[in-house]
Structure formats: structure tokens, C-alpha cells
Amino acid sequence: MKTKNITLYFYILFLIPFFTQAVAQNKVAKVKDNNTFYLDSIKKTFVKNKMTARVDSLWMKELTSLDNFNAFSTDIENITDQKVDLELPTELLKARLAEMNSKSPFNIEYNEQLENVIKSFLKYRKKSFGRLMAISEYYFPLFEEALTKENIPLEIKYLAVVESALNPKAVSKMGATGLWQFMYHTGKQYKLKIDSYVDERHDPLKSTEAAAKYMTSMYKAFGDWDLVLAAYNSGPGNVSKAINRSGGQRNYWNIRKQLPKETQGYIPAFLATMYLYEYHAEHGIKPEKALVKHFATDTIMIKKKMSFKQISDLIDIPIAQLELLNPSYKLNVIPVYDNQNHYLRLPQDKIAVFTSNEDKIYAYAAHQSGLREKPLYTSMAIAAVNTGSKNTKTIDKTTYYTIKKGDTLGSIARKYAVSVSDLKKWNKINGDMLALGKNLKVTK
């Protein structure tokens, strides 16, 4: 008999983990089902917008890919003065560069080094430029607006191609970040917010404004835009040293050999990029299709903390597109701080959906926040309430709502950010009919 009891005891111990796991899985499944039901019930009430978003998943992947950035970084580091075999008559190139020079404050003059870089890009990066020209349809209008405000040459926009291959998430080996590759301390110096949730070095507009201010200060120091770019890449101290070592020469090409190796390839890469944009058609470069343009987007101020996942589920927009349009949010979460506004950029048709259903969207976010696992002591307190402990105060807060004409279970659930199933359980409702004037219990 004793042996049987011991066997039964160990059998029960063996089953406990499986029973516990099954209970936990049922709880998770129940929460998931309730959340899905609540999400669907909210979206069914959304005010519809006639416009539809056109999102090409392959193009979205291209926008967030770092392939171009890595390739350009390698090119600039390894630019040499070796000749590149490519059919491009030197006299024709001289004429085109002279035409560009007549319209630009940069010193765009023919030399063999520049010719080699242009031919290298045409030979090895031709396809990349077709892709970059599609992406630039989104970023260039934004750049031009910010540069114009600071009275900066618009050609500076091509620098972002060289710096980051137009990828706001690009990070260099040294930690330079974003479209304009700001280091941490430089970003802070130019008032870019960097914290656990937000890094404005990734923000296209704010980082462009900071870059424009930085270049304005460099121009005051050097008075030459080629040297400004050299200083942007290697720092003003290295440019000043190169000028001194070359006996006071102030033309970039005359001090080039005195600059760091990367900076020696930096200005040629910038001018070669400008050339390929200007004469892409003559070289058979066909810009790929751009489905999202900056003027087709807008921003909305977020009033409650939300995740990209919640926004994606509610207004049917890919998370990848939210990341592209809002690259400054590091954790794919839009925080809400005291006295600080945070904005969400969306395609214009999605802006209409969001603003038309704002209260419901925030109600869903609040509902999901309530589903998060509570700290252990809170769970124990709730358990004590549920078991009727006399020494524990009730944590749940119960309110009553009087049913009015036009009310539905769904509308009342949204009002209090609870689920319809909970409303039915609290009030022992079997169907969907509501009695006018009756009080409904809502526990939160």
C-alpha cells in the first residue's frame, strides 16, 4: 500500500508541469483571441478613406537595405588614381564638367583623378545609381527645402548619397549615424535629440537642418565649398593642417595629398555622383520607380505612447514603411514625454484614416497596454482579492454606465477600453441586445 502511495505521489509530481503549461497556454490563447476580437471590432467601425496606399514590398526593402551604403563606403576608402577602362571620351567629359561648373559654386574642373572615379562609378555602380535615383525622389525635395533656408548650395544634397547612400539607418564603423553621418557629440552639439527611444540623427528633416548649420559654420571658416566638404568628412583641424603643409594652398586638389586617405576619395566621389545624376540619361542609367514621395506624406502629433506594431495592425500599413518614414524611433515605439511633442509621418491617405479614428486608435493602444504582464506583487494582490482575502483592499474599480439610444456593446467597450466579452461576462449578457436605460457594470 505504501509503495502505491509513493508511486501515485511521483506520478502527480510528474504531471504538474504539464498541467501548469497547459493552463498557461490556455491563458495566452484566451488573451490573444480577446485582443484579435477587440482589434477587429475597432477596425469594423473605422471611417473608411477612398484612397488606397500603394506599397511595393521590394522597393520598401530596397529603401531599408544597407547594401548601397556598404558598397559606397568601400569605394571611397579604396579610390585610387589608377586608370579605369571605359568608353568615355576625355574631351566630351571636359565639356560636360565645364557646363556643370558654370552652374555651380563648386570647383568642378577636369582632372585625371576625377575622370577615373567617374569611370569607376559607371563601370561598377551603374545599377546602384538607378536605385538611388528612385530613393532620391523621396529625400531630395526635403533636402532642398532645408538647404535653401540656410542659403546652402543645393548640390550639397548629393553629399547624402556619398555619406549614407540615402539610408537613414546607416551607421559607419566609427559610429557616425544617419543620412548625414553625424557622430554622437556633433549631433548633440547641433541639438539633435538622442535617448533610449529617439535618435534624431536618423530623422531626415532634423538631421538635414543640422548638417546645413554645420556647413554654414565651416564656410565661414574656409570660404570655399570644396574645403567645407573636406572639413565635413575629416574635421576642420585636418583641413587646416593640410593647408599649412601645402604652403598655404587653398584649392582642394592642391592639398588633397595632405588630407586623410578617405578624404582624398571623398570630394571626387561627391563630384562623380553629381555628374552621374546630371548625365544619367546619356549613360543609359534608368531611375527605378519611386512609389513614395515626400510631398505625398504628412505628420500627426501622437498623444499616447504607441508601437509601430499597433499602428500597423490598426491602419494596415507595413511596419517596414513605418520604419522608413519614421527612422528616428529606435525601438519602433513612439514615446510620450512631458513638454515634448513626437510626430508620426504617414502617407496622406493613412493620415486621413488615423485622424478620422483617433479616439478608437488610442483606446486600442490603452487596451493593449492593460494586457501587459504585471509585476509579481501586483499579481499576488489581485489573486488575494479574487480569493476574498479580508486583509486586502479591492484593486478593481467598478463603474456603471446607463445605456442610451444608439449604444452597442462595441461602442461601450471602446469607450472604456475593455473587451465586449468582458462586458457580457460582468453583466451576464448572452446575446447582443441592450435594454434602454439599464445600467451596465464596467470593471477596470
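**Reading the model**

Guide: L344 is placed in strand β4, residues 343–347; helices (H or I, at least four residues) and strands (E, at least two) are DSSP runs, numbered from the N terminus. This is a predicted model, in which local features need pLDDT of at least 70 and side-chain atom pairs count only at pLDDT 80 or more, while totals for chains, interfaces and linings use all residues. Residues are numbered from 1 along each chain as its sequence is written, and side-chain values use heavy atoms, with hydrogens and water left out.

Visitor: Is L344 buried or exposed?

Guide: Buried means under 20% relative accessible area, exposed over 50%, and partly exposed in between (1.4 Å probe, protein chains only). L344 has a relative accessible area of 0% and is therefore buried.

Visitor: With which residues is L344 in contact, leaving aside its neighbours within four places in sequence?

Guide: Contact means heavy atoms within 4.5 Å. On that basis L344 is in contact with D298, T299, I300, I302, I311, L322, N326, I334 and F354. Between L344 and I300 there are 44 residues in sequence, yet their C-alpha atoms are 5.3 Å apart in space.

Visitor: What do the totals for the protein chain come to?

Guide: The secondary structure comprises 20 helices and six strands. Of the 444 residues in the protein chain, 45% are buried. Among contacts with a separation of 6 or more, 69% involve residues 24 or more positions apart.

Visitor: How is the packing of two helices described?

Guide: Two packed helices are described by the angle between their axes and the distance between the axes. Axes are lines fitted to C-alpha atoms, for helices over the stretch in contact, and angles run from 0 to 180 degrees between N-to-C directions. Here helix α9 (residues 204–222) and helix α11 (residues 236–245) pack at an angle of about 20°, with axes 12 Å apart. Angles under 35 degrees count as roughly parallel, over 145 as roughly antiparallel, 65 to 115 as roughly perpendicular and the rest as oblique. Helices α9 and α11 are therefore roughly parallel to each other.

Visitor: Which residues of α9 and α11 meet?

Guide: From α9, Y214, M218 and F222 meet P236, V239, S240 and I243 of α11. By class, this contact has six nonpolar residues, one polar and no charged; Ala, Val, Leu, Ile, Met, Phe, Trp, Tyr, Cys and Pro count as nonpolar, Asp, Glu, Lys and Arg as charged, and the others, Gly among them, as polar.

Visitor: Which other helices does the buried part of α9 pack against?

Guide: The buried residues of α9 include P204, S207, T208 and A210. Besides α11, the buried residues of α9 pack against α6 (126–149), α7 (159–164), α8 and α10 (225–234).
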